[in-house]
Amino acid sequence: MEKLAGQKVLESLKERFQAFETSLNGHSNSAAHQVRKAAFENLQTKGLPHAKHEEYKFFNLTKALEKNFNFPQSSSPAKVNADTVQQFGIEGLEAHKLVFINGVLSAELSDNIAIEGVSIEALQDAFNKENVALFNTEAQFEEDAFVAMNTAFAQNGIQITVADKAIVEKPIMLQFIGASAEESFDYQVRNLINIGKLAEVTIIEKFDTLEGASSFTNIVNEISVAEGAQAKYYKIENDAANTYHIANTHVSQQQNSHFTANTIALDGAMVRNNLNIKLQAENCEAHMNGLYVLGDKTHVDNHTVVDHMMPNAYSNELYKGIMDDKSKGVFNGKIFVRQDAQKTNAFQSNKNILLTNDATVNTKPQLEIWADDVKCSHGCTTGQLDRDALFYLQARGIQKDKARAILLHAFASDVIENFEIEAIQQYVEAIITERLAK
Amino acid sequence: MSNDDQILEEFTSKEYEFGWTVDLEADEAPKGLNEDIIHFISAKKEEPQWLLEWRLKAFRAWQKMEEPTWPNVDYPPVDYQDLIYYSAPKQKTKPKSLDEVDPELLATFEKLGISLTEQKRLTGVAVDAVIDSVSVATTFKETLGELGIIFCSFSEAVQEHPELIKKHLGSVVPITDNYFAALNSAVFSDGSFCYIPKGVRCPMELSTYFRINAANTGQFERTLIVAEEGSYVSYLEGCTAPMRDENQLHAAVVEIKAAADSEVKYSTVQNWYPGDKNGKGGIYNFVTKRGICEGDRSKISWTQVETGSAVTWKYPSCILKGDYSQGEFYSVAVTNNYQQADTGTKMIHIGKNTRSRIVSKGISAGKSQNSYRGQVKVMKRAENARNFSQCDSLLMGDKCGAHTFPYIDIENQSAQVEHEATTSKIGEDQIFYCQQRGIDEESAVALIVNGYAKEVLNKLPMEFAVEAQKLLALTLEGSVG
């Protein structure tokens, strides 16, 4: 048999899967576990993406995983106290907070949440009750090896169900902290978020890791946005330098719904965000904002797919990146407009600034259109700071460093302005300022 | 919309205008591909030993390669053993003047509207006419010879200028470059060779008319253009092919080398048989075209109008190696019925202060699929590289598709790269505006499409611009509703 990519990883996962099955006891016959089994077999036959895989062309995570991780059967999380949680928090943000240590919900560090119309449940409990309707509906494990891996080991995470017409005022924040005493560790998280008709909610995910061990995070979000609902989703990733992070967020939208995704990537070794939005009904609106501010050897890969399946929908995408040092930014935005999706408006823009000659950008804005009555456009630019603008500021007595900072802030502000929560705006601005001061 | 449907019907049922065959006795190789066939072709052309070995090397490399599957096109697999790899119109001796040329052959050109005699007398364009792989007539050779310009068929160049061929052949597109380039290198039958010496500005547009004629013949052209320091040449290539039910394979290779301060302009109008309205028949056009700007301040410009072929797979590229070198790509690709086109360009910036510009206009109608696939790569040492790309798609009808796959890879901070793409249909308000002013819908559409493609058509030399405009109007008449 031909050797699969990531064979070493697959071998160690085999043992782990057996141990996992044994630990399930009575629940190994559940429908959900049949899905896990199928996903595991799929992963074992297909292997991890190899270097020539088109979707993973610039992102050879398989190699990094083989090199750095041994995937033990279980890893014990280190102790994290409330101060650490505070330290990784966002100042001035008022939110219902749920804290996860290595993907496991920590009751003691999380807020006691009681919101009318919202049910929040640790995923493990939901699995035990066999009440996981959304599981494996939005994300298809056949399509991506990392989704398959996540599905096979799906156990930790959260299930949030927002009832019809429920309006959640304060955002719900999921704070993930990676911490382990061991040399390397990984965690797999699955979040199922079901948003009812005409409901309104904001979900914030934040990822941090304690310095030290090298970690691998594999997260899959399945989000269903029902008719007329308004959902906002933030993802703020600011891991330690030796963190490997892959996230698959799959969203489906029904009639008249609004969905906004704000994806912020700031640090880590390799970060991959797959954002996949399906506009399954008419009059949907989807917004995607992305910002990546990178230094060192950080490698961030943003892949987005917007699938316009029905008429009269609107999508707008704006991703901006600043690459310093030896960092690498990859953007691949796909817009599909199906034959039925007449009167679609879809826009996409990707702008990058390179600050050094060692930084690289690979972008591939992709349009695939099968309907004729549409307005679609994409644009992308890559360059350095506008020399004329820099000169203009210097001519007015502003020092070069400062002038550069002003221009970079201005560049990023297009995206930052779209974040509707002020505390998050300030948090991101502060990080950019800190980076520039280095 | 019934009126439009009627027009659409009228248009789509239009049969290929240039479709007919002339009975020429062909001197053919047996079907199939093996080393014997390559020996046969090489012997037929009385080639030197080194070229035979070069072909064999390419063939052996080809055998190990796999046909690419990544293009966004779909066609039944080609049986490479079922093709005839060599066919030459039978002639007793080489003609010295046009009078000796097979009159039937000349009539073929008359039908196409490119009478050699006419052209020779009136237009001052030197035509190297290629029918099924062998050049049969070359004009104005003497005029060009006085300037030291070599413009002849490839086989002639192999005989008369072996040192030039040996030096440049395969230096831009190596034999192992891709599946079709390897195939071409192994079995290429003929083509054109053009050499412009130092400091010479070629006084006329050079053009070659490629035609595919004998049934079941794959045509494997090889074009090599070498522009020495400070020279200039504008090269035109135009294609029409007769109607065939079986798919014909065309895998050409074009190589351009531009030395310091030289400029090469390469224009193509491609109107091969696209298959009938049910997608039956048509040409498979798998072409490798690449130019290298070797010297400083050199420039290569590709202009193409693609209206024909059932399946097109073609990416004219520029390697910008010299400092201050420039690459340009202007393209109009029209697909209708079941045509599929996956075309675009590659701009590889290696030298400092290099610039490139890409303007691609895709028009899809009927049930066709039209893709733009391009790459802009700025290497680490390419300081101050500049690129501007624009690729627009126009959709006519709701059963066609338009796709863009631009790859932008930047490794230098001083690069300034911009890419923009839009997809839309012809605006109702634009048509309304024209109609208000007494222009009927039909003409309004023609006007808008012509305006849409103008940016590219303007880059074509005069002779081609007229032909191209006619082609566009013909291909898209009334296909908008």
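Author: Here is how some of the labels on this structure come about. It is a predicted model, where local features need pLDDT of at least 70 and side-chain atom pairs count only at pLDDT 80 or more, while totals for chains, interfaces and linings use all residues. Residues are numbered from 1 along each chain as its sequence is written, and chains are lettered from A and ligands numbered from 1 in the order in which they are written.

Reader: Fine. How do you know which residues of chain B are in contact with chain A?

Author: Two residues are in contact if their C-beta atoms, placed from the backbone, lie within 7 Å. By that test, 30 residues of chain B meet 31 residues of chain A. On the chain B side, β23 (401-410) and β24 (416-424) each supply at least two residues, and β23(B) gives the most, with ten. Those strand names are DSSP runs of E with at least two residues, numbered from the N terminus (helices are runs of H or I with at least four).

Reader: What makes a residue on that side of chain B nonpolar, polar or charged?

Author: Ala, Val, Leu, Ile, Met, Phe, Trp, Tyr, Cys and Pro count as nonpolar, Asp, Glu, Lys and Arg as charged, and the others, Gly among them, as polar. Sorted like that, the side of chain B touching chain A has eleven nonpolar, twelve polar and seven charged residues.

Reader: How do you know that β19 of chain A and β24(B) pair?

Author: Two strands pair if DSSP finds at least two bridges between them. Strand β19 (residues 375-383) of chain A and β24(B) have seven, in the antiparallel sense, so they pass. For a spot to look at, find G379(A), which sits opposite E420(B) in β24(B).

Reader: And what does β22(B) pair with?

Author: Ten bridges join β22(B) to strand β20 (residues 355-364) of chain B, running parallel.

Reader: Why is strand β22 of chain B called largely enclosed?

Author: A residue is buried if 20 or more other C-beta atoms lie within 10 Å of its own, exposed if 12 or fewer, and partly exposed in between; the C-beta atoms are placed from the backbone. Seven of the ten residues of β22 (residues 386-395) of chain B are buried, so the strand is largely enclosed by the rest of the structure.

Reader: Then why is K165(A) called partly exposed?

Author: K165(A) has 13 C-beta neighbours inside 10 Å, so it counts as partly exposed. This lysine is in the loop between β4 (157-162) and β5 (172-178) of chain A, and its phi is near 65 degrees, a positive value in a residue other than glycine.

Reader: What about K343(A): why is that one partly exposed?

Author: K343(A) has 16 other C-beta atoms within 10 Å, so the label is again partly exposed. You'll find K343(A) in the loop between β16 (328-337) and β17 (345-354) of chain A, with phi near 60 degrees, a positive value in a residue other than glycine.

Reader: Last one: what makes chain A two domains?

Author: The bounds come from an automatic or database domain assignment, which gives domain 1 (79-385) and domain 2 (386-437) of chain A. Their centres, taken over C-alpha atoms, are 25 Å apart. The contact takes 20 residues from domain 1 and 23 residues from domain 2.
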